[in-house]
Amino acid sequence: MVGSISQRRSECKCFANVTAMDFEKVKTELPILRNFVDFLNRQVGVYSDCLASFSGNKVRIERQIPRVQRPTGRRIENGQPVIVYASVEDPSLPDVIHHRIIRSDEFISANSEAGFNEKQLCWSIIVFVLTYWDEEIRPQIARVRGVKPNAVVLDELGDLRILRNCIVHNRGTISAGEHSKLKIMTNLCRPEEELVLTHEQMHRVFIFVKQAIARLILKYSGHLPGAPQPSEIVDLAIQNP
């Protein structure tokens, strides 16, 4: 009986020491993860603002086309109809310096949902987020835990690495072999096709990354009563002390 009590006291003391160590790690890790969450939320803001700009560009040009141009003639050349358009505005006023010339239909297409501009924006954010995680956040978390950076593993960020490599090294096309390695983001793209994310899919990427960070935070407290499941989290914020 005495031995049993002594053993339980020893186990409780050991548990208390581990808990104290965990608490110190939590205090050290939270500011690091807060920086990453703040960085990620800024990317969400940039993404949303850019989409609003793309949409505004599209609407403005769609409205401008019938105002600026009107058909003034029609003829047949080599069996094909040719329509001549004339501007209703003086092309010499105001004195505008063009930074580029693009067909209006191409401009509208580029600024449409999942068009070229949004695709480039999504690609840039994926590369940027993965780089920041790899070069800044992951090594800091590894130092706190006393492990190598490669030991800090998150499936969501691993998937982001695969997407990043396809963007940088394969013009955004996901090969069948690389697609089979995806663990979380499988439904966001198709093998042997270019990565083109819709608004909803890109926001899913943000949610996946935040769920990964939540799992890091819950490493020390996930066993406590009332702790949320990372898969239930759709947004994340870490309050300043």
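Trainee: Are α4 and α6 parallel or oblique to each other?

Mentor: Two packed helices are described by the angle between their axes and the distance between the axes. Here the axes of α4 (residues 155-169) and α6 (residues 199-217) come within 8 Å and cross at roughly 140°. α4 and α6 are therefore oblique to each other. Angles under 35 degrees count as roughly parallel, over 145 as roughly antiparallel, 65 to 115 as roughly perpendicular and the rest as oblique. Axes are lines fitted to C-alpha atoms, for helices over the stretch in contact, and angles run from 0 to 180 degrees between N-to-C directions. This is a predicted model: local features need pLDDT of at least 70, side-chain atom pairs count only at pLDDT 80 or more, and totals for chains, interfaces and linings use all residues. Residues are numbered from 1 along each chain as its sequence is written, and side-chain values use heavy atoms, leaving out hydrogens and water.

Trainee: Which residues of α4 and α6 make the contact?

Mentor: Contact means heavy atoms within 4.5 Å. From α4 come D155, E156, L157 and L160; from α6, V205, F208, V209, A212 and R215.

Trainee: Which residues of α4 are buried?

Mentor: Buried means under 20% relative accessible area, with a 1.4 Å probe and protein chains only. In α4, the buried residues include L157, L160 and L163. The buried residues of α4 pack against α3 (116-145), β3 (173-174), α5 (176-179) and α6.

Trainee: What does L160 touch?

Mentor: Leaving aside residues up to four places away in sequence, L160 touches I126, V129, L130, M185, V205 and V209.

Trainee: What comes just after α4?

Mentor: R171, with a positive phi of about 55°.

Definitions and conventions: Helix = DSSP H or I, 4+ residues; strand = E, 2+ residues; numbered from the N terminus. Buried < 20%, exposed > 50% of the residue type's maximum accessible area, 1.4 Å probe, protein only.
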